Amino acid sequence: MSDPGTTEARPVLQVDQLVVEYGGRAAFRAVDGISFDIRAGEVLALVGESGCGKSSTARAVIGMEKLAGGDVRYRGGAVAPLGLRTRPRELTAIQMVFQDPNSSLNPRLRVGRQIDEGSRAARSRGLSTEDAAYWLREVGLSRDLENRYPYQLSGGQRQRVAIARALAARPDLIVADEPISALDASAQASVAAMMRELCVASGAAMLFISHDLSVVRLMADRVAVMYAGRIVESGPTSAVWNEPRHPYTRALLGAIPHPDGEGILPAAPATEAPATWRELVPEALDRSPLTLPRG
Amino acid sequence: MSALSINDLRVELGKDKSHRTEVVKGISLELVPGRIHGLAGESGSGKSMTALAVLGLLPAGGIVRGSIVLRGETELVGLKPKAYRAIRGNRIAMVFQDPSASLHPQITVGAQIIDGMRAHLRLNRADARRRAAELLALVRVPDPQAALTKYPHQFSGGQRQRIAIAIALACDPDVLLADEPTTALDVTVQAGILHLLRDLAVERDLAILLVTHDLGVMSAVADDVSVMRHGRIVESGPRRRIFTDPRHPYTRELLAAMPDARESLVDAPPVTTTTDSEEWR
């Protein structure tokens, strides 16, 4: 299985001891030495609350953030910092989906044309791709939207267009930063599921960033839970979801209210942030899969 | 007795006659002291417009029809602006999604709480200040005395929402309208705010209208639930009944779309099997 010589065995993305800092001399360390990797056809979810460093990690992975330390390797090579110029052709195999489709779509370009831009990136790398109508259908939209402008679409439709454009580029790494949190609650789970299916079908790796663990449970192979710039728990999704080991993961899962009609208030942490949340618990890291009884 | 009784409420928006749309199409609901009424629905269903109509804060050109009666005595539809001002923030208070937007960044927390109190209750400065500290303690902001002299940016998002709730409670209202009060907060912080809303309803006999798209939040704190779609209430009833025995297809659809109701896609068995395809023939 593990033959380090072949490209198949090597992870698509390797992040090693990544550090991201903001501000000059008295810098704030947003990401404090985190490591993970993602293989082809695998979805890794990075979860945590606002300010934990998950978005900074995403930005560092795609070259939008300067690294203050550590290493980000895409297919074994460094990711060039994103500048004002066009990306090197090879790096268009990394595609991003952001939280707010309003700021990622070009307001003056028809939907079909924007998706074609993704297709052009695929062709420039010598890959075949489909037309805009095909990708619209893949994300569950009507091909009639091809000639519309983004302002003529709802927020949910716009986010699907942003996903279609990313997929049209035939990426082998998708970095999605809170791609579903701007959608209506009833659409969130189905769009996340769609993203997983399309990603797995095309053999791409996906870094899926979210604060919503109940959606992550549905579609991520592995989860890394971040708190205060560090990964505090990581492993197969079902292990983390069913038997959380770190106090922060436990608090996070315990605080999710479930729509069961029972009127049960979720547990609220006594103070704003107990000190135990910052502690590293070795047995919560790199967890192995749960062995569930068969049947 | 009902704290707020809404009957056949209709809201029309639009600047001129040719561009009018009815966004709330005849809804009725009752808010009862000590109970939380949850109003669920997706964006554009008219739930926020319902709350704004109760407050008399619709966008320019908005028209309200029907009836909104406060404590069985005051009809709010058609009320003159001056009379409305005496009720809004006093008898009916509100909390919105984004506490940063509802707090003034350049005025101390103490001054913001006292402001409304002095306008409506005619308290002197010392009494108002004492009461402001009591309110901050009530919503569990740590060190209330010190908090009075601080500015909103010195607090976390969760604490800011607690402060916004303290301001809403300043005049001891009968009705609290909370529009997505925890949507902008992290889940661990949200849990604390939900406990607070529950306690306020029970201990202060407050009638709360909780507008939220989050059925998990609804299930945790609402006593009664109404589900809105396209400006109408499609189903209404006690919380447990709505969640365990939903009768309207749309309510069922909403519940089925929740992540809780779904199976994980990871390591899911393949969808087609040979037996299936034989059956299709």
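The radius of gyration used here is taken over C-alpha atoms, and the globule rule that goes with it is 2.2 Å times the number of residues to the power 0.38. With 295 residues, a compact globule would have a radius of gyration near 19 Å, and chain A has 20 Å, so the two agree. Along its principal axes, the C-alpha trace of chain A spans about 55 × 50 × 50 Å.

Before going further, a word on what you're looking at. This is a predicted model: local features need pLDDT of at least 70, side-chain atom pairs count only at pLDDT 80 or more, and totals for chains, interfaces and linings use all residues. Residues are numbered from 1 along each chain as its sequence is written, while chains are lettered from A and ligands numbered from 1 in the order in which they are written.

How confident is the predictor? That's what pLDDT tells you, residue by residue, from 0 to 100. Chain A has a mean pLDDT of 90, with 94% of its residues at 70 or more. Over residues 1-7 of chain A, though, the pLDDT is below 50, and this stretch has four contacts in the model beyond near neighbours in sequence. (Two residues are in contact if their C-beta atoms, placed from the backbone, lie within 7 Å.) Where pLDDT is low, the predicted coordinates should not be read in detail.

Now for the fold. Chain A has nine helices and ten strands; helices (H or I, at least four residues) and strands (E, at least two) are DSSP runs, numbered from the N terminus. Among contacts in chain A between residues at least 6 apart in sequence, 67% join residues at least 24 apart. Buried residues make up 44% of the chain A total of 295. Buried means that 20 or more other C-beta atoms lie within 10 Å of a residue's own, exposed means 12 or fewer, and partly exposed is in between, with C-beta atoms placed from the backbone.

Let's zoom in on chain B. Leu177(B) sits in strand S7 (residues 175-179) of chain B. Is Leu177(B) buried or exposed? Leu177(B) is buried, because 26 other C-beta atoms lie within 10 Å. Leaving aside neighbours within four places in sequence, the contacts of Leu177(B) include Ala51(B), Val54(B) and Ile92(B). Val54(B) is 123 residues away from Leu177(B) along the chain, yet their C-alpha atoms are separated by 8.8 Å. Helix H1 (residues 47-55) of chain B counts both Ala51(B) and Val54(B) among its buried residues. Just after H1(B), Gly56(B) takes a positive phi of about 65 degrees.

Here's a backbone detail to look for. Most residues other than glycine have a negative phi. Arg170(A), however, has a positive phi near 50 degrees, and Asp172(B) has one near 55 degrees. Arg170(A) is in the loop between helix H5 (155-168) and strand S7 (173-177) of chain A, and Asp172(B) lies in the loop between helix H7 (157-169) and S7 of chain B. Arg170(A) counts as buried because it has 21 C-beta neighbours inside 10 Å; Asp172(B) has 15 other C-beta atoms within 10 Å, so Asp172(B) is partly exposed.

Finally, the two chains meet. The contact takes 35 residues from chain B and 35 residues from chain A. On the side of chain B that touches chain A, the largest share, eight residues, comes from H8(B).

How values were computed:
pLDDT = per-residue confidence, 0-100.
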